[in-house]
Structure formats: structure tokens, C-alpha cells
Protein chains: 2
Amino acid sequence: MSHAITPRAVNYSQWYLDIVKEARLADYGPTKGSIVIRPGGYALWERLQATLDRMLKEAGHVNAYFPLLIPSSYLQKEAEHVEGFAPETAVVTHGGGAPLEEPLVIRPTSETVIWSMYKKWIQSYRDLPILINQWVNVVRWEKRPRPFLRTTEFLWQEGHTAHSSATEAQQEAQRILEIYRRFVEEVMAIPVLVGQKSESERFAGAVKTYAIEALMQDRKALQAGTSHFLGQNFAKAFDVLFQNEQGKEEFVWATSWGVSTRLIGALIMVHSDDRGLIIPPRCAPTEIVLIPIYKDSTRTQVLAHCSQLQQRLSKRFRIVTDADPQNSPGWKFAEWELRGVPLRIECGPKDIENDSVMMVRRDSGKKESVSLADLEATCSSTLSEIQHGLYQRALDFQKNHSQHFTDYRNFIQFLSEEGGLAYAGWDGSANTELKVKEDSGATIRIIKALHNSDIGHLNCIVSNQPAKYTAIFAKSY
Amino acid sequence: MSHAITPRAVNYSQWYLDIVKEARLADYGPTKGSIVIRPGGYALWERLQATLDRMLKEAGHVNAYFPLLIPSSYLQKEAEHVEGFAPETAVVTHGGGAPLEEPLVIRPTSETVIWSMYKKWIQSYRDLPILINQWVNVVRWEKRPRPFLRTTEFLWQEGHTAHSSATEAQQEAQRILEIYRRFVEEVMAIPVLVGQKSESERFAGAVKTYAIEALMQDRKALQAGTSHFLGQNFAKAFDVLFQNEQGKEEFVWATSWGVSTRLIGALIMVHSDDRGLIIPPRCAPTEIVLIPIYKDSTRTQVLAHCSQLQQRLSKRFRIVTDADPQNSPGWKFAEWELRGVPLRIECGPKDIENDSVMMVRRDSGKKESVSLADLEATCSSTLSEIQHGLYQRALDFQKNHSQHFTDYRNFIQFLSEEGGLAYAGWDGSANTELKVKEDSGATIRIIKALHNSDIGHLNCIVSNQPAKYTAIFAKSY
């Protein structure tokens with residue numbers, strides 16, 4: 001292989017950075033915490049974006065664009081919000097060659113600027129709901145940057161909805177959570193935990209935060225998307241009232257929700273291996289790479305045949321042919337494995353003779369000869385098998401690294417030494433949560449209401465008091 | 001009509017602002033010069049973006065994402081570039097709660113940050129060409145803001161290519177210009193002038209700037225897109241060398257090019273009328289609006305029929321049904337005319353009886369009954385007629401307001417009083433260009449090499465010296 005990728009077993013963290021670099025997903029930018037998303041990484045983002053965008057639109061959302069720069073006084077209007085975000089902001093103090101009267105912050109998230117506009121747009125229940133989303137860049141100053149996972153600037157979508165009742169807003173927050181779950185599980189083949197966040201992990205300004213969490217191959221969890229029920233907090237901060245059907249004035253109810261380029265980090269860490277990236281077919285910019293195998297004497301024949309194959313398959317698949325004469329087939333095999341293309345088709349003179357091609361799966365390395373007559377059907381079923389196989393493998397991994405605990409010592413030992421998802425009863429207090437963090441480095445990723453059968457029977461893993469929730473603890477990114 | 005739109009004849013400038021506001025394309029943001037692109041405007045941008053993006057990809061370009069924040073020292077590296085852009089920048093001086101060691105500017109354009117990366121990526125001719133584009137927001141402090149036309153923040157695509165020869169880079173700059181021309185003429189139905197810019201209007205850092213220019217209904221020109229041949233200026237500023245096929249080191253050759261949300265302003269000003277927006281079908285987020293016409297007694301029947309029609313037509317067209325019971329048909333007609341949907345279909349009990357619908361064109365207001373049997377074919381041909389009709393109307397307008405001049409007094413009078421595109425010989429000197437500007441307020445929009453037949457026969461409209469170019473002068477946005 002022409003690329004040096006540190007094996008996961010040697011250094012997982014370095015393996016991740018090697019994949020990002022060698023598969024040309026991203027490069028470091030000129031300032032601390034910034035990255036450049038290279039064409040390989042961006043094509044992946046475009047594919048994720050297009051799919052999720054369609055799902056959000058099918059659910060009735062529309063896109064818009066709100067300004068990048070927010071007056072710093074706006075951030076101040078919601079007490080928790082400013083406390084959470086002000087320390088992370090980038091501040092513009094000069095514009096057009098002169099100092100500004102009021103500093104502007106680059107949006108770390110857009111609740112404040114959007115609710116300042118909703119104030120102008122909402123008068124009556126007839127103006128509701130508003131179901132707006134935007135695909136934008138945001139900036140949050142990052143002390144420990146890591147490509148895709150934590151960068152000072154990142155790309156995301158942020159949805160901001162306005163409703164005439166608490167119930168409707170709550171339902172919207174959960175409806176989005178379900179869209180995120182479907183998107184990440186069905187398109188990205190990443191199984192997730194779905195549930196609520198504890199108070200300490202709640203979004204600054206939210207009443208409730210819901211999240212999807214995925215388990216990486218190093219048994220650390222990663223928050224892959226969040227959906228917030230904001231109550232009337234931002235409506236109150238920006239004085240956004242509406243006249244309800246009974247003619248009475250009421251503050252508007254809100255949600256906000258987002259997923260970001262962090263998903264690319266999740267995709268790498270869940271599926272990839274020591275040979276490079278593995279991209280699930282449904283989100284792969286290229287599903288199939290076709291590699292002609294020839295000598296000087298067979299060159300013309302093989303290239304002509306492959307050009308026909310490319311034309312034929314491109315009607316149904318996202319396929320590229322790598323006919324670059326400057327690289328050997330072996331070099332190309334390694335290169336396209338590194339870049340994570342799910343299916344490779346090799347075609348040389350013998351294959352042509354036999355009316356077949358050689359097909360190689362990226363996930364398993366399995367090689368098989370496929371008759372040209374069955375080509376589309378076999379490509380299609382194999383891609384589908386890869387998609388489901390990747391999901392199943394990740395799900396098995398998640399299950400194999402999930403454990404229920406009632407004994408605190410075992411619980412801490414699991415979290416500190418083995419890693420994975422530790423399920424346990426939790427009394428709901430911030431103190432017990434903090435104690436686990438101090439003893440193990442793990443935090444609560446998700447809380448769930450108790451099953452009926454557990455109520456009164458499950459105790460908190462720390463305090464031994466009656467549990468209020470089942471909590472899932474893990475170390476996390 | 002429920003919306004107050006100032007007629008063009010009364011106040012063209014106010015008419016434009018009224019359309020932007022009433023058709024809900026945009027609203028003013030919280031800071032000077034900022035706008036919010038509302039869902040109606042953003043859907044238009046998404047459609048333009050998707051179409052142009054496909055054209056650029058078909059021509060071999062790939063998308064990427066470079067950082068928003070650029071060290072201010074980068075801007076300094078190209079002398080003309082910093083002179084042109086530094087006065088317009090927004091400057092970040094604080095991040096993460098502390099003053100920054102070096103201030104960062106929000107990208108006004110990305111040549112500098114991109115060439116700092118190309119320095120890392122380019123070693124040999126084998127790494128070339130690089131054909132990268134990005135769709136991003138940029139900030140340029142704007143003293144006289146106007147929605148879509150001049151805003152402090154705007155959205156655009158910026159292409160940045162790197163080549164191994166001057167010829168190839170020159171060809172790329174012109175190839176893009178041709179893509180822009182096709183896109184704006186064929187998709188947006190806006191005829192454009194294509195050519196080079198004079199030195200005074202050249203991009204800061206370019207060797208040559210090419211542009212497409214369109215004529216608005218108030219007979220002022222608008223620059224709709226630019227493509228720059230950058231020579232080796234940025235390669236020299238960032239020390240980007242490559243080894244050529246002969247093994248010698250050479251500076252890399254470059255282009256950059258962009259179109260922005262300004263195109264939405266052009267679309268409004270070229271096509272729309274006193275009733276509101278008119279969107280050419282090929283870039284209309286909604287091509288057809290279907291409006292059920294019913295009384296209480298026919299409600300169920302009409303809505304069921306329209307629901308079938310919607311389902312049937314949505315297979316081939318971007319169509320929405322407006323069945324909102326809270327608004328009258330008359331209100332809806334005005335509303336959807338305001339929003340510029342090219343085709344309206346009305347359907348009531350009588351239409352159902354006759355197996356027909358009523359079809360109304362947005363461009364001409366022409367109404368005709370169409371048999372259900374021919375519905376798709378008629379929609380399709382009518383949309384195509386509207387597309388071509390809008391282009392032809394704009395082209396006629398452009399021709400009717402273009403004139404060749406050899407007499408300076410007539411020339412100045414035309415530019416000052418009548419307005420339009422004034423063609424004249426130009427000696428190529430900055431002084432003569434400036435004199436025209438002082439006398440008339442017009443600038444050179446495009447210069448063209450002389451036709452063979454003109455060489456030696458055409459004199460400069462100002463100096464009466466032999467002309468070097470045919471220049472097209474106009475007042476502009």
C-alpha cells in the first residue's frame with residue numbers, strides 16, 4: 001500500500017487522523033481549529049445533505065438563510081444561552097475600515113437572530129407553525145480541535161420552528177429526532193441510541209434536549225444530532241407573541257435542532273478499517289469503481305469494453321472508471337479501498353472472454369466473478385447487502401459493548417477500563433452524575449423514562465436511592 | 001390586490017423593494033446591510049444553485065469547503081488584492097473570550113486562503129489542473145446596501161482553478177464565462193453581453209476580468225457574473241510552484257470566478273411587472289399552481305378532483321395546490337401572481353363537467369380552457385413558450401435600448417437622459433473612461449476587440465484617437 005495508516009489496535013486516535021488525511025477528506029486550515037473539507041469529504045457531505053434535506057422537506061420544512069453576524073446584545077437576551085455560548089464566540093469589532101458601535105458575534109447557532117425575525121413575522125395563530133431550516137456555517141471557538149469532530153468552524157443544518165402550543169412543539173422536537181434516527185441508521189448505517197439528555201448536557205436555552213448517540217469502534221460514544229424543545233424561552237427573550245384562536249395573546253412555542261459535518265467523523269469511526277474508509281452505499285458519492293486491467297496488447301479492447309460498461313452501469317449506479325494509465329491496477333485497488341468505495345469491478349481480457357467481470361466488496365474483501373447478464377441485479381443486491389451488513393456489524397458491536405449494571409464498582413471498572421455503554425438506574429441528581437464523571441470520565445449520554453416493571457424496583461447506581469431514569473453512561477467525544 | 005406594489009413608472013427603485021418585500025423574497029436583517037433570505041427567495045436560490053452546480057460538475061469541477069476566517073496577513077500578500085478588499089472586510093479581533101494574536105478577516109473572497117492550501121497540494125504537473133468550486137457566504141462591508149444587489153453578506157459560488165499553463169488557465173476563464181452565459185440566458189431567460197472588463201473594473205489581483213452584463217428594465221446594466229484570469233499573481237504571492245513535464249519549476253497559473261445571490265436581483269428587475277414577480281419556468285421552484293374553485297355544495301367534489309390532478313401533474317411538473325379555505329380564489333390569483341409562478345390552473349365544477357381546466361399564463365395574463373386529455377402536453381408547451389417568450393421580450397428590450405455612437409454629445413445625452421447600452425469606440429485610456437463617467441455617470445461595462453472591418457476606421461468617442469476597442473457604456477448597479 002502506498003499510504004501509511006496506523007492500525008486501530010496500535011493507536012485509534014492516530015488511525016482516525018490518518019484516514020482523514022490519506023483518504024483526502026480534510027486538511028488543516030491556516031488558523032487553529034480550522035479545517036479545509038477537501039473534495040472527497042465534501043462530496044460525502046453533499047450526499048448526506050441532499051438526503052436529509054429531502055427528508056426534512058417531505059416533513060414540511062422549508063429552507064431560508066439568516067445572517068452570519070449577530071449583534072452581541074442579542075445573545076444577552078436569553079440568560080442561559082449567553083452563558084453557554086458567549087465564551088465560544090468569535091467577535092467582529094471592525095467593519096469597513098472602522099470600529100463598530102456594537103460588536104457582532106459570528107453565529108455559534110442562530111436562535112437569537114431568527115427569533116428577532118420571527119418577532120416581525122408572527123402575529124396570529126394563522127402565521128403558525130413556521131418550519132424553517134437553514135444549511136450554514138457556524139463558529140464556536142474550540143480548545144481541543146479534531147477534524148470533523150470538533151472544529152472552530154463547522155457546517156450544519158439548524159432547524160428553528162415556531163408553534164402555537166407546547167404539545168405541538170414537543171411533537172415536532174420528537175418528530176425530528178425520529179427523522180435523524182432514520183437518516184443515521186438507514187442512510188449512514190449507524191445504529192443509534194435515542195432519548196433525552198440530562199440537565200447538565202442540555203442545550204443552553206432549551207427546556208428539553210433530545211439526542212441520538214452512536215458508539216464508535218473505540219467504545220466511546222458520539223453525539224450525532226440533537227433536537228431541542230425550547231418552550232417559550234426565546235419567545236419571551238424576543239417578545240414574540242401571537243393571538244390564539246380564542247383571541248388571546250400568548251408567547252410562541254419553539255424547537256431547534258441540528259446535525260453537522262461531525263457526522264462524517266461518526267461515519268469514519270463506526271465503519272472504517274485499517275485499509276481506510278468504508279462508506280455505506282446509500283451515502284457513498286461513488287458506489288462502484290470500475291478498473292480496467294490490460295497490457296499494451298489488450299489496451300484498446302479492454303478500454304472500449306469498460307467504456308461500454310461504464311455507460312451501461314451509470315444508468316443505475318454512481319460509478320466511475322479509473323483508467324489512469326499512470327497507475328497500476330494494484331495501486332488503484334489500494335487507493336479506492338482507502339477512499340471507501342463500497343464495490344470494485346475489475347475487468348480484463350479474460351473477463352471479457354467469459355462475458356463476466358470480477359466484483360470485490362469493500363466491507364469483506366470477498367471476490368466473485370459475475371456474469372454480465374446479471375450485472376445490474378448483482379450490483380444492486382450486493383450494494384444492498386453491504387448497506388445492511390455494515391449496519392448489522394455496527395449494531396452487533398454496540399450490543400456487545402452494552403451492559404446493565406447494579407454494582408457501582410463493576411460499573412466504574414467497565415467504564416474506565418473496557419469502555420462501552422453502561423446502563424444503570426439514576427436518581428436524577430446532578431451530584432450522582434458528577435460523581436460518575438469524576439470516578440470514570442464517563443457522562444450520561446441518554447436518559448430514558450423507567451419501564452413500568454422497573455418503577456420502584458430500580459435503584460440509582462450511585463446513591464442507591466430509587467431511580468428516576470435508566471441512564472446510559474459512556475465516555476464520549 | 002391585497003399587496004401595495006409601487007408601479008415601475010412611478011418609482012422603479014421602490015417597485016423593486018416592494019417586490020422583494022411583498023413576494024417574501026427577503027427581509028432586512030438586524031445589522032446594516034444584512035438581509036434574511038426568506039423561504040420564497042431561498043427556494044429560488046436553491047433552484048439556481050442546483051442547476052449551475054450540475055453544469056459546473058459536468059464540466060469537471062468538484063466542490064470543497066475552505067475556512068470562513070482568513071489571517072489578515074494573507075490578504076497582504078497580493079498587493080492589489082489587499083488594496084481592493086481590505087477596506088471592505090469585517091475583522092474578528094476576539095475569539096473564545098480572548099484577544100487574538102493576529103486579527104482574522106471574514107472572507108470577502110477566498111483566493112488567499114485557497115492558494116495557501118494549493119501550496120500544500122501542488123508539487124508536480126500531475127497534480128494539475130485543480131478545478132475546485134465552493135458555495136459559501138462572504139462578507140464585504142457595504143455602504144449603500146440594497147437587497148440582493150449589494151448586501152454586506154451574500155451567498156455565492158467561487159471557483160478557484162490551478163493550471164500548468166497560461167493558455168489552459170485562459171481557456172478555463174473563458175469556458176466558465178460561456179457556462180455563465182448559457183446558465184443566465186437559458187435558465188434565467190436573461191440575455192447578456194459577454195466580454196472583458198476595462199482595467200478600472202478589473203478584479204483586484206486579476207490579469208484579466210471577463211463578465212456577463214444584463215440590462216435591467218430601468219435601462220441600467222447589472223454585472224451578473226465574473227470570471228478572472230489571475231495569471232501567476234496568487235501563485236507568486238503564496239509561492240506555489242510545480243515541476244513541469246520537462247522537470248523545471250514554474251509558478252502555477254490560476255483562474256477564479258463567481259456568481260451570487262445578486263442574480264435574484266437581476267431576475268426580478270429583468271422580468272417582473274407591476275403585479276409582482278415573474279419567474280422563468282426553468283428556474284421556478286413552483287412551475288404551476290392549481291387553484292380549486294368551489295362553493296360549499298361542490299367543495300368535496302372539486303377538492304377530490306384537484307387532488308387527483310395534483311397527483312397526476314406532479315409526476316412531470318413542480319406543482320402545488322392552494323386549497324386553503326381561508327382565502328378566496330381572487331385573493332389567491334393575486335397572491336400567486338405576486339409570487340411569480342409561471343402558470344396557474346383553475347378548476348371548478350364547470351371545468352370538471354367539461355373535462356377541462358382553465359389555464360392562465362403569468363407573463364401575458366392569457367386565459368384558455370384546456371382539455372384534460374391534452375393537459376401535460378399543453379402545460380409543457382406553454383411553460384416552454386413562457387420561458388422563450390420572457391427571453392425574447394428581454395432581448396427585444398435590450399436591442400431597443402442599445403445604440404452605436406460616434407458623436408460625443410449624442411452619446412452623453414443618451415447615457416444621461418435615456419439610458420441603455422451605448423456602443424462606441426474607445427482608445428483604451430483610463431482618462432477617457434473617467435471623462436465619460438464624469439459627464440454621464442456611466443461606466444464601461446464590457447470591452448470587445450475591434451472587428452477587422454473597424455480596425456483603423458473607428459475612433460474613440462472621447463479623444464477621437466484611433467480606437468483600440470469597442471466599449472459598451474451604461475449606468476449600472
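Colleague: Which residue of β18(A) stands opposite R344(A)?

Modeller: In general, strands of a sheet pair through backbone hydrogen bonds, either parallel or antiparallel. Here R344(A) stands opposite V360(A) in β18(A), and strand β17 (residues 343-347) of chain A pairs with strand β18 (residues 356-361) of chain A in the antiparallel sense over four bridges. Two strands count as paired if DSSP finds at least two bridges between them, and the elements themselves are DSSP runs numbered from the N terminus, helices being H or I of at least four residues and strands E of at least two. This is a predicted model, in which local features need pLDDT of at least 70 and side-chain atom pairs count only at pLDDT 80 or more, while totals for chains, interfaces and linings use all residues. Residues are numbered from 1 along each chain as its sequence is written, chains are lettered from A and ligands numbered from 1 in the order in which they are written, and side-chain values use heavy atoms, with hydrogens and water left out.

Colleague: What is the order of the open sheet of five strands in chain A, and which strands stand at its edges?

Modeller: The order is β16-β15-β17-β18-β19, with mixed pairing. The edges are β16 (319-321) and β19 (367-371) of chain A, each of which has a single partner strand, so one side of each is left without a neighbour in the sheet. Neighbouring strands are turned by 25 degrees against each other on average, direction ignored; for such angles, axes are lines fitted to C-alpha atoms, for helices over the stretch in contact, and values run from 0 to 180 degrees between N-to-C directions.

Colleague: Which helices pack on this sheet?

Modeller: Helix α9 (residues 299-313) of chain A touches β15 (288-292), β16, β17 and β18 of chain A, and its direction makes about 165 degrees with that of β15(A). Helix α12 (residues 375-400) of chain A also packs on the sheet, touching β15, β17, β18 and β19 of chain A, with a direction at about 5 degrees to that of β18(A).

Colleague: How should I read the six-strand sheet, and what is its order?

Modeller: Its order is β4(A)-β6(A)-β5(A)-β5(B)-β6(B)-β4(B), and the pairing is antiparallel. At the edges stand β4 (69-71) of chain A and β4 (69-71) of chain B, each with a single partner strand, so one side of each is left without a neighbour in the sheet. In chain A, β4(A) and strand β6 (residues 98-106) pair in the antiparallel sense over three bridges, with P71(A) opposite L104(A).

Colleague: Which residues touch the most other members of the largest nonpolar core?

Modeller: A nonpolar core is a set of buried Ala, Val, Leu, Ile, Met, Phe, Trp, Tyr and Cys residues joined through side-chain atoms within 4.5 Å, where buried means under 20% relative accessible area, exposed over 50% and partly exposed in between (1.4 Å probe, protein chains only). The largest core has 79 residues, of which I106(A), I106(B), F148(B) and I268(B) touch the most other members. Its largest share, nine residues, comes from helix α6 (residues 166-187) of chain B. Apart from this core lies another, of 64 residues, among them I5(A), L56(A), V192(A) and W156(B).

Colleague: Is H160(A) buried or exposed, and which residues is it in contact with?

Modeller: H160(A), in strand β8 (residues 153-163) of chain A, counts as buried because its relative accessibility is 0%. Leaving aside neighbours within four places in sequence, H160(A) is in contact (heavy atoms within 4.5 Å) with residues including S110(A), E111(A) and Y118(A). H160(A) and H228(A) are 68 residues apart in sequence and 9.6 Å apart in space, C-alpha to C-alpha.

Colleague: How many residues of strand β10 of chain A are buried, and where does β10(A) find its partners?

Modeller: Seven of the eight residues of β10 (residues 208-215) are buried, so the strand is largely enclosed by the rest of the structure. Four bridges join strand β9 (residues 193-196) of chain A to β10(A), running antiparallel, and Q196(A) stands opposite Y210(A). Eight bridges join β10(A) to strand β11 (residues 221-231) of chain A, again antiparallel, with L215(A) opposite A221(A). β10(A) and β11(A) form a hairpin with five residues between them, and R219(A) in the turn has a positive phi of about 65 degrees.
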